[in-house]
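This briefing goes through a two-chain structure by topic.

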Amino acid sequence: MIVASGTLDFLSVNVWHILMAIGNLLILVLILKKFLFKPVQNILKQREEEISGAYSKAEEALKEAESERELYREKLDGAKAEADELIESASKRAKAESAEIIANAREEAAVRRKHAEEDIELSRRKAAEELKGTVSEMVIELASEVVGREIDEKAHKELIDEAISSLGE
Amino acid sequence: MNIEVTGAKILLELPFGITITETQVNMWLVMIGIAVFCAWLTHDLKVRPTSKRQIVAEYIVKTAENFVTGNMGAKWKWFVPYIAALFSLAMFSSLISLLGMYPPTSDLNTTAGWAIMTFVMITFYKIKTNGLGGYAKGLTEPIFVMTPMNILGEFATPLSMAFRMFGNVASGTVVSALVYAALATLNNAVFGWLPGILGEAAEKLPILQLGIPAVLSLYFDVFSGVLQAFIFCMLTMLYIASAAEKE
């Protein structure tokens, strides 16, 4: 290896230099591939994947939202129906209850009235009985005083009672 | 005044007659620069870009892909790195002259190497598409007598490509050197008559050399360098794509 001086001719042909020019070009092809095209293309590919991924994700999310909306609508409809039913049943029950209460009240009132009537009847009877007793005694007393002799209380009581009760009817 | 226009300086002599010249060294520098630039552009890429660096990197890749697939079709996507390498190497090898360095593209060996690559691929795809017989038969058309012409035509393609780029870049250097020398002479002539020390000082000051070479450099180094790289890539793509098409 000698450090040389001098120059080539302006127009010279040298096979080694031609080969070196070709080699340099091919080496630069590899350099560009490694340092420029590969990394940039990788990034572009990744970006494409990411974008298509984002698109499919968005589509998925849209679909999911749609189905969820449908679900909620169904649920809402169901809830509405349920609420209607609930109200209806409640009102029905209320009606039934009120009817029952009224019926009960009526019944009770009727029972009470009956009782009252019976009480009244009983009282009337008692009074009548008492009155009968009193009247018959009075009559016997009166009659004995009028007749001046003792009426056999036992013998005539039945007769008098009969007369009074026929009166009191 | 002597104007000397030479090729690349020989820097090293290796065994088997291999020499390393400015052409190779400068091309390696360009390659290192491109590699460092790309590595810087694409380190720490994110799926959601946060840096301008990444946007520039993606823009370059997409532009290169559109450039190749737009001219050749979508099935040639694998060819993108080759065209990108060819374009960047050709362009920066020409633009390096802006730094006052020897542009590797003004060495015929460089452009010839790339043109040979194109030629090999053209021929490969012609044979692949039409078969060896079809390729040979294609050379004899439209009549048998045309065969030598056709064979010449096959070689004319890489030859013209190599010389086009070499000629443009190298001629830029030559014209720049000539104009610079002419301006220096003119400078001496205009300011040389000034008396005494004033004249000597004016002669040494490159007053006239200030403006015009810059404009020329803008054309030959920047515009021509980029344009020739573009043309070389376009021709490579179009020739190869049409070679791969069934006739």
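With its count of C-beta neighbours inside 10 Å, does Ile240(B) count as buried or exposed, and what is that count? The model is predicted. Ile240(B) has 22 C-beta neighbours inside 10 Å, and the cut-off for burial is 20 or more, so Ile240(B) counts as buried.

**Ile240(B) and its surroundings**

- Ile240(B) sits in helix α7 of chain B.
- Apart from neighbours within four places in sequence, the contacts of Ile240(B) are Met121(B), Ile122(B) and Tyr125(B).
- The C-alpha atom of Ile240(B) lies 9.6 Å from that of Val120(B), although the two residues are 120 apart along the chain.

**Helix α7 of chain B**

- Helix α7(B) is built from 33 residues, and its first and last C-alpha atoms are 46 Å apart, close to the 48 Å expected at 1.5 Å a residue.
- A bend of about 35° occurs in α7(B) at Ser224(B).
- Besides Ile240(B), the buried residues of α7(B) include Phe220(B), Asp221(B), Gly225(B), Gln228(B), Ala229(B) and Phe232(B).
- Cys233(B), Thr236(B) and Met237(B) in α7(B) are buried too.
- Helices α2 (52-72), α3 (80-95), α4 (108-139) and α5 of chain B are among the elements that cover the buried residues of α7(B).

**Helix α5 of chain B**

- Helix α5(B) has 45 residues and spans 63 Å from its first C-alpha to its last, close to the 66 Å expected at 1.5 Å a residue.
- The helix α5(B) bends by about 30° at Ala156(B), with a proline, Pro158(B), following within four residues.
- Pro158(B), Met161(B), Ala162(B), Met165(B) and Phe166(B) are among the buried residues of α5(B).
- Asn168(B), Val169(B), Ala170(B) and Gly172(B) also belong to the buried residues of α5(B).
- These buried residues of α5(B) pack against α3, α4 and α7 of chain B.

**How α5(B) and α7(B) pair**

- The axes of α5(B) (residues 147-191) and α7(B) (residues 212-244) come within 10 Å and cross at roughly 180°.
- Angles over 145 degrees count as roughly antiparallel, and α5(B) and α7(B) are therefore roughly antiparallel to each other.
- On the α5(B) side, the residues in contact include Thr157(B), Met161(B), Met165(B), Asn168(B), Val179(B) and Leu183(B).
- On the α7(B) side, they include Ile212(B), Leu216(B), Phe220(B), Ser224(B), Gln228(B), Phe232(B) and Tyr239(B).
- By class, this contact of α5(B) with α7(B) holds 14 nonpolar, eight polar and one charged residues.

**Val179(B), a residue of the pairing**

- Val179(B) is part of helix α5 of chain B.
- Val179(B) counts as partly exposed because it has 17 C-beta neighbours inside 10 Å.
- Leaving out residues up to four places away in sequence, Val179(B) touches Ile212(B), Pro213(B) and Leu216(B).
- Val179(B) and Leu216(B) are 37 residues apart along the chain, and their C-alpha atoms are separated by 9.0 Å.

**Chain B as a whole**

- Chain B contains seven helices and two strands, in the sequence order β-β-α-α-α-α-α-α-α.
- Of its 247 residues, 32% count as buried.
- Contacts between residues at least 24 apart make up 66% of the chain B contacts that join residues at least 6 apart in sequence.
- Helix α3(B) has 16 residues and reaches 22 Å between its first and last C-alpha atoms, close to the 22 Å expected at 1.5 Å a residue.
- Mostly covered, α3(B) has 15 of its 16 residues buried.

- Chain A has two helices and one strand, arranged along the sequence as β-α-α.
- Buried residues account for 11% of the 169 residues in chain A.
- Between the chains, 39 residues of chain A are in contact with 45 residues of chain B.
- On the chain A side, β1 (2-3) and α1 (15-147) are the elements that give two or more residues.
- The largest share of that side, 26 residues, comes from α1(A).
- The residues on that side of chain A divide into 27 nonpolar, eight polar and four charged.

Key:
Residues are numbered from 1 along each chain as its sequence is written. Chains are lettered from A and ligands numbered from 1 in the order in which they are written. This is a predicted model: local features need pLDDT of at least 70, side-chain atom pairs count only at pLDDT 80 or more; totals for chains, interfaces and linings use all residues. Axes are lines fitted to C-alpha atoms, for helices over the stretch in contact, and angles run from 0 to 180 degrees between N-to-C directions. Angles under 35 degrees count as roughly parallel, over 145 as roughly antiparallel, 65 to 115 as roughly perpendicular and the rest as oblique. Two residues are in contact if their C-beta atoms, placed from the backbone, lie within 7 Å. Ala, Val, Leu, Ile, Met, Phe, Trp, Tyr, Cys and Pro count as nonpolar, Asp, Glu, Lys and Arg as charged, and the others, Gly among them, as polar. A residue is buried if 20 or more other C-beta atoms lie within 10 Å of its own, exposed if 12 or fewer, and partly exposed in between; C-beta atoms are placed from the backbone. The expected span of a helix is 1.5 Å times one less than its number of residues. The bend at a residue is the angle between axes fitted to the seven residues ending there and the seven starting there.
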